[in-house]
Amino acid sequence: MGKYILAVNAGSSSVKVTFYTFENPPQAIADAQVSGITAPPPTLKYQRGPVKLKEELKEKLNTPQDAFKYILQRCFNDPELSEVASDSDLAYICHRVVHGGDYHEAVKINDETLHHLEVLEDLAPLHNFSALEIVRLCKKELPSVTSITYFDSAFHQTLPDYVRTYPINQEVAKANGLRKYGFHGISYSFILRSVAQFLGKPQEQTNIIAMHIGSGASMCAIKEGKSIDTTMGLTPLAGLPGATRSGDIDPSLVFHYTSEAGKLSPGSTKEMHISTAEEILNKQSGWKALTGTTDFSKIAVEKFPSEAHKLAFDILVDRLLGYIGNYYVKLGGQVDALVFAGGIGEKSALLRQTLAEKCQCLDIAIDAKANDKGPEDKETVKDISQDAGKGPRVLICQTNEQGLETIGRVWMFGMADL
Ligand SMILES: Nc1ncnc2c1ncn2[C@@H]1O[C@H](COP(=O)(O)OP(=O)(O)O)[C@@H](O)[C@H]1O
Ligand SMILES: CC(=O)OP(=O)(O)O
Ligand SMILES: [Mg+2]
């Protein structure tokens, strides 16, 4: 058995991996990520010990699978990373999978569990597919390495019934698994652990409003260390808008999207099969539809390039504000911190400043200098509050979806295997 663990986070616009030693506690030895898959050219960031590099790639990497293959080959062939030169050096590959259905724990991949997850692909057709393509690739091309999947949805198993239940026919709902699952849970576990540690509080006494804002964006109300509400639902489409996702809309909009579809007769959806609707709302909406770009750094700038860019920014701010108000009340005003995470939450000072200004009524205020500077590379949590003690703290958390929350589970399986 190899001596290293590979953790893989296949996001919607990026693939991020970390190599760890297979020991307790594991040590990270190298990080690599390809981002901008939906806004070419893709960029590679690679860090191994003190060596850091960032480059624009000429290769066409259209899918997370392409990006994963590229990263793996690049790492296997790097003479400076000779520890991991082939599959025989790896003990486990730990994969972040967005939708785990009713799985509350990590799962070791074998024919049966893979089949079960493939059935779930239908519940999140545009998300689980990419991650499972990578799992299938590993199974085929690195057959000696055990794959373990860990699920975004698992963190939200504590949602109360009245939050997770949609008010529809319950027989149909139960038969088809139609309920709120919630996602970005690996990120929220990391945020909870890191923020509680930063505040010096036990997780069971920590209340936060966490925002994971990347190409896919969601929020979570965490009460006493447990998820009590989150914005995504049955699939990661619900809630906030994203790079290519609409977020919440009136569900009837689907039937009115084309003039043909607007006629409310059984035949009216002929031109608008439901999978087309899913494709449009997941892949052809969001700020891409409004501005033409999936890159939020081109939108969140002081001088908006166009009215459409301003509109995209204002829509995101408005929806975030709505949920901050909602979750503030659900947490009874007992909020330790408002936490910004994800590519946009961590990097856009303008978004944080705009939101903070609009949350003054909650005694939220940020320090402009600290906000503009943002966190240092290794600074997991940065406090940007203006006046600690008054109102919730405002924190930036550099989240990690290929960290201990993912590979920690290896020990559950690893020990049994040894
Ligand atoms: N300085 C920045 N300002 C605003 N948005 C940024 C900035 N840098 C990166 N982003 C955005 O972060 C998003 C990627 O988020 P991330 O969480 O890293 O990836 P993913 O959504 O694939 O998991 C992209 O939309 C990117 O444009
Ligand atoms: C759940 C989800 O939207 O994931 P991502 O942000 O990686 O697209
Ligand atoms: Mg992500």
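These are my notes on a residue and a ligand shell in this structure.

**Confidence**

I began with the scores, since this is a predicted model. The mean pLDDT of the protein is 92. I noted that 93% of its residues reach 70 or more. I then looked up residues 264–269, where the pLDDT is below 50. Beyond near neighbours in sequence, that stretch has 7 contacts in the model. Where pLDDT is low, predicted coordinates should not be read in detail. For the model as a whole, I wrote down ipTM 0.98 and pTM 0.94.

**Asp152**

Next I checked the record. UniProt, in an unreviewed entry, places the feature "active site" at Asp152. I located Asp152 in the loop that runs between strand 8 (146–151) and helix 4 (161–164). Is Asp152 buried or exposed? I found 29 other C-beta atoms within 10 Å of Asp152, so this residue counts as buried; the cut-off is 20 or more.

I then listed what Asp152 touches, leaving out residues up to four places away in sequence. The contacts are Arg96, Val98, Phe183, His184, Gly185 and Ile186.

**Ligand 2**

I turned to the surroundings of ligand 2, and Asp152 came up again. With Asp152, the shell has Gly11, Ser12, Val98, Phe183, His184, Gly214, Ser215, Gly216 and Pro236. I sorted the shell by class: 3 residues are nonpolar, 6 are polar and 1 is charged.

Which domains supply the shell around ligand 2? I found at least three residues from domain 1 (4–157). Domain 2 (201–247 + 285–397) also gives at least three.

Definitions and conventions. Residues numbered from 1 in each chain as written. Chains lettered and ligands numbered in written order. Predicted model: local features only at pLDDT ≥ 70, side-chain atom pairs only at ≥ 80, totals over all residues. UniProt positions renumbered as here; feature names shortened; annotations may be inferred. Helix = DSSP H or I, 4+ residues; strand = E, 2+ residues; numbered from the N terminus. Buried ≥ 20, exposed ≤ 12 C-beta atoms within 10 Å, placed from the backbone. Contact = placed C-beta atoms within 7 Å. pLDDT = per-residue confidence, 0-100. Near = placed C-beta within 6 Å. Nonpolar A, V, L, I, M, F, W, Y, C, P; charged D, E, K, R; others polar. Domains from an automatic or database assignment.
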